[in-house]
Amino acid sequence: MEIDLQTLFALVIVVLVLVSAVLVLVLENMIGAVAVSGTVSLGVAVLFVLLHAPDVAMTEAVVGAGLSGVVLALGLRRLGLWQLDGVTSDRPTEREKTDA
Amino acid sequence: MIDLLSVTQGQTVLPVVLPLLAAFLLQPLGRVAKPLALLLGPATLAVSAYLLIQLWISFGDTPYMLAIGGYAPPLGIVFYVDQLALLFATAVPILVLLFWSRGEDDPDPIRRDAVMLLLAAAGTGLALSGDLFNIYVFYELTAVASFGLVTLRATGAAYIATVRYLLLSAFGSVLALVGIAIIYLETGTLNLAQIAQLAPTALAGPNGLAAFALLLIGFGVKAELFPVNTWVPEVYATAPTRISALLASLVSKLAVLVVVRLLVLAFDGTGAAQLMLLLGALAFVTAELAAWRARDLRRMLAYSSIGQLGLVFIGFSLSGTAGLLAGLALALHHLVIKAALFGLATRWGGSLERLVGAARSAPIASGLMVLFALSLIGVPPLPGFWAKLLVVMGLAEQSTTLSLSALALILIGTAVEANYLFRLVIKLYARGEADAPAPPRPKLLDLGIASAAGVLLLVATVGVGRVSGWLGGIASQAADREVYIRTVFPPKSAAVAAGSPVHEAS
Amino acid sequence: MRSIAALLFAGGLAFLLLIIASELGFGEPAMLIGGDILAKAPDEVGASNIVTAVLLGYRGIDTLGELSILFAAATAAGLVLVRGNKDCHAGANDPVGGFILRTGADLLFPLLLVVGFYIILHGHLTPGGGFQGGVILAAAFFVLVLARPGADGSGGMNHTAIAFIEGLAGVGFIGLGLWALVDNGNFLQPMLSQGVFGKLLSAGTLPLLSIAVGLKVGAELAGLMTQLAEQPAAPRHDPAHPGDRPS
Amino acid sequence: MNGFGIDHLSFEVVMYVGAYGLLGIGALGMVMSNNLFRMVLALVIAEAGVNLLLVLAGWRNEAVAPILGVHEAGTPMVDPIPQVLVLTAIVIGVGVQALAVATLLKVYRIYCTLDVRELRRHLEQDICRDAGIAPDGSWEAPTIERPLPPPIPVQASTADRSGAAS
């Protein structure tokens, strides 16, 4: 099984991106989830560079990692969910568990 | 200079661009001269409608193609204009204009007007465009504009319904984009005519079917297709009734039109048609059952709308000109009737119990309601009967297991439909209790729209032969894939002879 | 029940994707129109960045549609956000930034502005263009808002100015298209001479379209973010009464 | 199909796995999640996946970025069209996302929750109250046999709602 340097680099980034994507869904802390979604965008931007798409990479970095992160974070702040503890969890609370 | 009285083919782009221009202008103008800004929208739509009718009169006989920016297809984006496209494109500004009037307590009329104009531009573009990704862009514009419009009542329920609608729609768009990516990988082009040329070899495999399924689900969100229509009852119950009328009658048909174009041009294999038939039949019977259970008029109309669109999908899934004719007849029938019914629901929305005795306070509206109900069920002399008959005959002719089961489902669904619509009619003509408040009368404008729809229906009943001949012409033109390809890529000698407007930029 | 349906759906999607995976060939795309455009774009459009040539030339109306979508989203967000905030005192939740943040913002603002305009103007030559530059312009203004939220949270952003810029930039884009329509009979056909290939003033009307796109995107996003920033924070809700609604 | 063997891990396979992985994770998140904000995040991931897939559709071996004047003339270039499509799709995506966040703000301000199940319950209640019918929401019960409550006057119910909305 041979593998060249470019592929290896791509592999590392892809693994990083996929792990971050899973983290976005499972992290209980919403700020963390938003931050990790920025990582996903940055990783995808790097992948675009590897695919010879500089324009797209630039846009993804500026829009995906920058703008959409700001919009989401601003949203969180205005939602009042800007807390570092786990209050914002979307897991069922104890009461809901007993209801079910 | 643009001559105001005669139109050229190059001006086909104006009905799309002018509403956009007006929408961009509204905010600055609204800060300088507000009364003028409030008039700008209707005026622009009137100009659009006038232009489209002029185009139809001047060039409607033979299909033509407009290369935007003068870049020869397939490199640039083209608009493909045939009678089917013109029919729906013309319906857009007219219907938006009909449902233009604002609610009394609209706090921000300028923004609302801008979004309405964007919806009109996007709808016209959706009907005319002949490029796969351009269709996607206009579809997204339609979607975003309708998100804005359905929040207009500003209730909490409206916001919940909008968020759920938005997320479902965005998810559908992602799937549609995957479908576009697959088509691009297989064919290397986005021009619908070129895709049609390549489809018999490139899209015949399982990939083609997968791409069609993804596009069907993606565009099916707006077309109220079976698995992705959960938003319909929520949104129609919470949005302003005029907006529901627009979405149910117009926007859904435009999405159906896109799917039909794809089906005719690129996916004429049986697999794609069977998928549409299956989903349509399931939609029809489940929605009619849900409508039977509904206890308020808005949600009853919403479910009935899903059911009728299921029927439209079944019609279009039949092969050839006959299928296109059946689907087109049903689509137009539903377009006219649902617009009128939702118009009446502006005042009558809410519990069905409130309508008891409405026939005495509003006899004309009740009479129209009965007429529409009869036509929806398909009682013989009315147009709804002929449209349904076309579908039933087509299904019987195919006589496969799937088509015969679909036929059985249609008959069951129609029985259910008849049951709940008669229940509604009986309520209208029932004698209410003495102390119950009389149901409100519909507004004059809504009554006018409904009356116009009723007159259209009766005219179509009397002249059913001419109407079906006219629709048959449109359908046979649209069903011919060769016409589409030849129009976009004219044979070299013909192009020179016709003085084709396309010229390469030098 | 819901999760079973969800799993079924996800399984179906995975199956679909697997079918596709077994068939598609990557690495050797068909490139029917792609190849033609690569061959013709330098002569037909005259931009050395072919992505920009396609974006503003061949697929110009897509770009117009995309600008409209951004405009529709901003307008719809305005419709949603403007209502029902009269009784709340806005902006009370963001403290004014510290000295370092404010100084940094003052330094950053002109820098971002220059970078944004540079990217917009060189869109037809190097990677970048109207969108990317526009986003950076919006970021420049938003940095100011972050540093000085101000009494209403707007950081002194002038709504009227934003409305005028976004409106007139959009009108400019369409105006260039209509000019071509009147002059040559084709909406958005390239106008003006192409100039010397690879120079700043080349590629005809492309840089002008790029400026319009940049200004519109910038104004749109700045307006959108300001609107979000001006929202009052939601009331902390008491976990003991999750069903309670503020009135 | 070339390069999909297990023994040879090629560049496009890695990219392909990334694209479909993101798409799948995003789709799963949208379907399984019960929190509206989380669904928006999942949407962002799915969009990133489909963008990667599109750019990958235009990639070819041994080619350079589609910008003239950087490499010598005649070097093969990657397909520019999918890149343009992705540029458009990214901007559309961020617009929709911002609108979603704006609407979420309103929902949270009115109902103080982002839980989908709870919001659906509120939605059903509100629609029924607006329509003047009994909110039971049960699908199974036939509605005809149930005695209906007297219709609630329209004024009262809308006044109630607008009070909660403003």
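## A walk through the chain contacts

Start by selecting chains B and C: their contact takes 54 residues from chain B and 55 residues from chain C, where two residues are in contact if their C-beta atoms, placed from the backbone, lie within 7 Å. You are looking at a predicted model, in which local features need pLDDT of at least 70 and side-chain atom pairs count only at pLDDT 80 or more, while totals for chains, interfaces and linings use all residues. Residues are numbered from 1 along each chain as its sequence is written, and chains are lettered from A and ligands numbered from 1 in the order in which they are written.

Now colour the side of chain B that touches chain C. Helices (DSSP runs of H or I, at least four residues, numbered from the N terminus) that each supply at least two residues here include H1 (14-32), H4 (109-128) and H5 (132-150) of chain B. H5(B) gives the most, with 10 residues.

Finally, select chains A and C, where 16 residues of chain C are in contact with 16 residues of chain A. On the chain C side, H6(C) provides the largest share, 5 residues.
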